[in-house]
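Colleague: Hello! I am new to reading protein models, and I would like to learn how to go through one feature by feature. Could you take me through this one?

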Amino acid sequence: MILFFLIFFPALFTKAPIYLSNFEAINQLKTFLPSDQDFKFLDAGCGTGRVLKALSSEFPKGSFEGIELSPLLALFATFLTWRSQNVRVKLGTLFTHQLKNYDYIYAFLSPVAHAMLYEYLEKLGFQGTLVLNSFPLDKIAHDLKIEGKQTLFLYKLNFTDKDLRLPEKKG
Ligand SMILES: C[S@@+](CC[C@H](N)C(=O)[O-])C[C@H]1O[C@@H](n2cnc3c(N)ncnc32)[C@H](O)[C@@H]1O
């Protein structure tokens, strides 16, 4: 009962499902991360940490962070990645986390949470790449769509150049 509470209770508020990214989606993520330069990657709602674990071993120049609302999942992710020196997992909500300094932010939450994340990034003046799993934004068009059992939507955001983004949706 306590286990159930620790894992699922936070999700009642965020309406984010406890699905995990599948291997296909993780492999797709690998195709656009740079192997020859430093970068900062955040898994916003990192769940068990499997995305962080899989990516960090293949991109030693990357710095990987995860933030997770569920205490039990945050603990699990910490254990899963404890040997990976380029991974850090934090317990907390992404909506009070400083998200501005990442090059890549990955999220697999819910349509509502993705819209909230976009607005939060806008407020912070985020410049970087946002990758959303399964639930695209209504507000703006994606720059790239990678279809699969879990489809990825990639947005290149530069909120200091807001005029470059037109609020229209691609099909
Ligand atoms: C669908 S799972 C995805 C897990 C992982 N990113 C993956 O792709 O395998 C979403 C996770 O986000 C967490 N979550 C939901 N809202 C959050 C928030 N506001 N801040 C941090 N984590 C959140 C949930 O607890 C859940 O573990």
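Predicted model: local features only at pLDDT ≥ 70, side-chain atom pairs only at ≥ 80, totals over all residues.

**Reading a fold step by step**

Colleague: Let me step back to the whole chain. How many helices and strands are there in the protein chain?

Modeller: The protein chain has five helices and seven strands. Along the sequence they follow the pattern α-α-β-α-β-α-β-β-α-β-β-β. Of the 171 residues in the protein chain, 36% are buried.

Colleague: Now the sheet. What holds strands together in general?

Modeller: Strands of a sheet pair through backbone hydrogen bonds, either parallel or antiparallel. Here, seven strands form an open sheet in the order 3-2-1-4-5-7-6, with mixed pairing. Strand 3 (87–91) and strand 6 are at the edges with a single partner strand each, so one side of each has no neighbour in the sheet. On average, neighbouring strands of this sheet are turned by 20° against each other, direction ignored.

Colleague: Which way do strand 1 and strand 2 run, parallel or antiparallel?

Modeller: Strand 1 (residues 39–44) and strand 2 (residues 62–68) run parallel, joined by six bridges. Strand 1 is also parallel to strand 4, with four bridges between them. Leu42 lets you see both pairings: it stands opposite Glu65 in strand 2 and opposite Ile105 in strand 4.

Colleague: Which way do the residues of strand 4 point?

Modeller: Tyr104 and Tyr106 point one way from strand 4, while Ile105 and Ala107 point the other way, and all are buried.

Colleague: Why would such residues gather inside?

Modeller: In soluble globular proteins, nonpolar side chains tend to be buried together. In this model the largest nonpolar core has 38 residues, and those with the most contacts inside it are Leu42, Ala44, Ile105, Tyr106 and Ala107. Take Tyr106: setting aside its neighbours within four places in sequence, its contacts are Leu29, Phe41, Leu42, Asp43, Ala44, Val51 and Val131.

Colleague: Where do the helices sit on the sheet?

Modeller: Helix 3 (residues 50–58) lies across strand 1, strand 2, strand 3 and strand 4 (104–107), at about 175° to strand 2. Helix 4 lies across strand 2 and strand 3, at about 165° to strand 3.

Colleague: Which residues of helix 4 are buried?

Modeller: In helix 4 (residues 71–80) they are Leu73, Ala74 and Ala77. They cover an arc of only 105° around the axis, so they lie on the same side of helix 4. In helix 3, the buried residues are Val51, Leu52, Lys53, Leu55 and Ser56. Their cover includes helix 2, strand 1, strand 2, helix 4, strand 3 and strand 4.

Colleague: How do I describe two helices that pack together?

Modeller: Look at the angle, the distance between the axes and the handedness. Helix 2 (residues 23–31) and helix 3 pack at about 35°, with their axes 10 Å apart, and the crossing is right-handed. The contact is made by Ile26, Leu29 and Lys30 of helix 2 with Val51, Ala54, Leu55 and Glu58 of helix 3.

Colleague: One last feature: what should I look for in the backbone angles?

Modeller: Most residues other than glycine have a negative phi. Ser134 has a phi near 75°, a positive value in a residue other than glycine. Ser134 lies in the loop between strand 5 (127–133) and strand 6. Ser134 is buried, because 20 other C-beta atoms lie within 10 Å.

Notes. Residues numbered from 1 in each chain as written. Core = buried A, V, L, I, M, F, W, Y, C linked by C-beta atoms within 7 Å. Buried ≥ 20, exposed ≤ 12 C-beta atoms within 10 Å, placed from the backbone. Contact = placed C-beta atoms within 7 Å. Arc of directions from axis to C-beta. Pairing = 2+ DSSP bridges. Axes fitted to C-alpha atoms, helices over the stretch in contact; angles between N-to-C directions. Left-handed = near helix turned anticlockwise from the far one by under 90°.
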